[in-house]
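Hi,

Here is the model I promised to pass on. Have a look at it first, and my notes follow below.

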Amino acid sequence: MKNPVKQIRFPALEEILDLIQDVAETSSRWINWQIIRGKRHILWETDWDVVSRWAQSIIETEERLRQITQRENFLKKYIHKYHAGSEAAKAALPDFIEELIALDHEYMRLERIYDTLLAGCPVGPIRSGYEWIRKEPQWYLKSEWLRQDCARRGGCCGRQCKCCENPPDPMRRKGWGHCTAQCACCNDELEDGFRLTERNRRMLQPDFDLTVYPWSDYSREIFRAYIWSLD
Ligand SMILES: [Zn+2]
Ligand SMILES: [Zn+2]
Ligand SMILES: [Zn+2]
């Protein structure tokens, strides 16, 4: 919700920011423009409860979409492997295929939730910033913090495999991004194909909660990276 007092005090600033927006969006000065949006947000957006609940929901939904996409990739890989394997290995195939069908339904369900959340995005700089960043399907590669976070968590950005740069399925664009606990390559690396231990799962996909104040350092970084694409 906009603060009416600030609205009266800063109309000139708003006009200038609108002008800068037009220029910045056609230039390559991505980071600078996002910083301006961030500052504008601090001036204008006062309803932090609404913003943080919305941000938590949409970031979580994006994470779930990535998990599903990566789990599908994991299963497809093992279907190939088991298909060429022993009879015992082939016996596991129907379960894998059933799970793939269930994941397809879940992806579509989450995609609808995502679209609803996007439509309900708080108006103002948050909305324009978020939508602008997501216009680029591989936006997550622009953020140095997200790449380093992936590497620190034990994800593929810390190795030479380049999985995050080569997303699997063009039909799963909303599921593109850095590693989650379902990444096939990370699972191979950490557990050699076996189920992740709880410790490794938490390392690869740490919890965060933007609805709990004060924010942890990690929550703050997550918000900056996912909503503003700032390092
Ligand atoms: Zn990898
Ligand atoms: Zn990975
Ligand atoms: Zn990564």
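How many of the 10 residues of helix α7 (residues 125-134) are buried? The answer is 7, so the helix is mostly covered, where buried means under 20% relative accessible area, exposed over 50% and partly exposed in between, with a 1.4 Å probe and protein chains only. The buried ones are Pro125, Ile126, Gly129, Tyr130, Trp132, Ile133 and Arg134. Helices here are DSSP runs of H or I with at least four residues, numbered from the N terminus.

Some housekeeping: this is a predicted model, local features need pLDDT of at least 70, side-chain atom pairs count only at pLDDT 80 or more, and totals for chains, interfaces and linings use all residues. Residues are numbered from 1 along each chain as its sequence is written, chains are lettered from A and ligands numbered from 1 in the order in which they are written, and side-chain values use heavy atoms, with hydrogens and water left out.

Now the zinc sites. Cys156 (SG), Cys161 (SG), Cys163 (SG) and Cys185 (SG) coordinate the zinc ion (ligand 1) at 2.2 to 2.3 Å; donors are N, O and S atoms within 2.8 Å of the metal (3.2 Å for Na, K and Ca), and since water is not among the atoms, sites may look incomplete. The angles among its 4 donor atoms are 107 to 111°, and the site is tetrahedral (four donors with all angles between 85 and 135 degrees). Cys156 also coordinates the zinc ion (ligand 2), which is 4.3 Å from the zinc ion (ligand 1). Cys156 sits in the loop between α8 and α9 and Cys185 in helix α9, so the pair ties together parts 29 residues apart in sequence. Cys156 is buried at 2% relative accessibility, while Cys185 is partly exposed at 22%.

The zinc ion (ligand 3) has Cys150 (SG), Cys157 (SG), Cys164 (SG) and His178 (ND1) as its donors, at 2.2 to 2.3 Å. Their angles of 94 to 121° make this arrangement tetrahedral. Along the sequence, the spacing reads C-x6-C-x6-C-x13-H. Cys150 is buried, at 0% relative accessible area, and so is His178, at 4%.

Last, a helix pair: the axes of α4 (residues 48-83) and α11 (residues 217-228) come within 11 Å and cross at roughly 75°. Axes are lines fitted to C-alpha atoms over the stretch in contact, with angles from 0 to 180 degrees between N-to-C directions. That makes the two helices roughly perpendicular (65 to 115 degrees).

Cheers

Methods: Parallel < 35°, antiparallel > 145°, perpendicular 65-115°, else oblique. Tetrahedral: all angles 85-135°; square planar, octahedral: opposite > 155°, others 65-115°.
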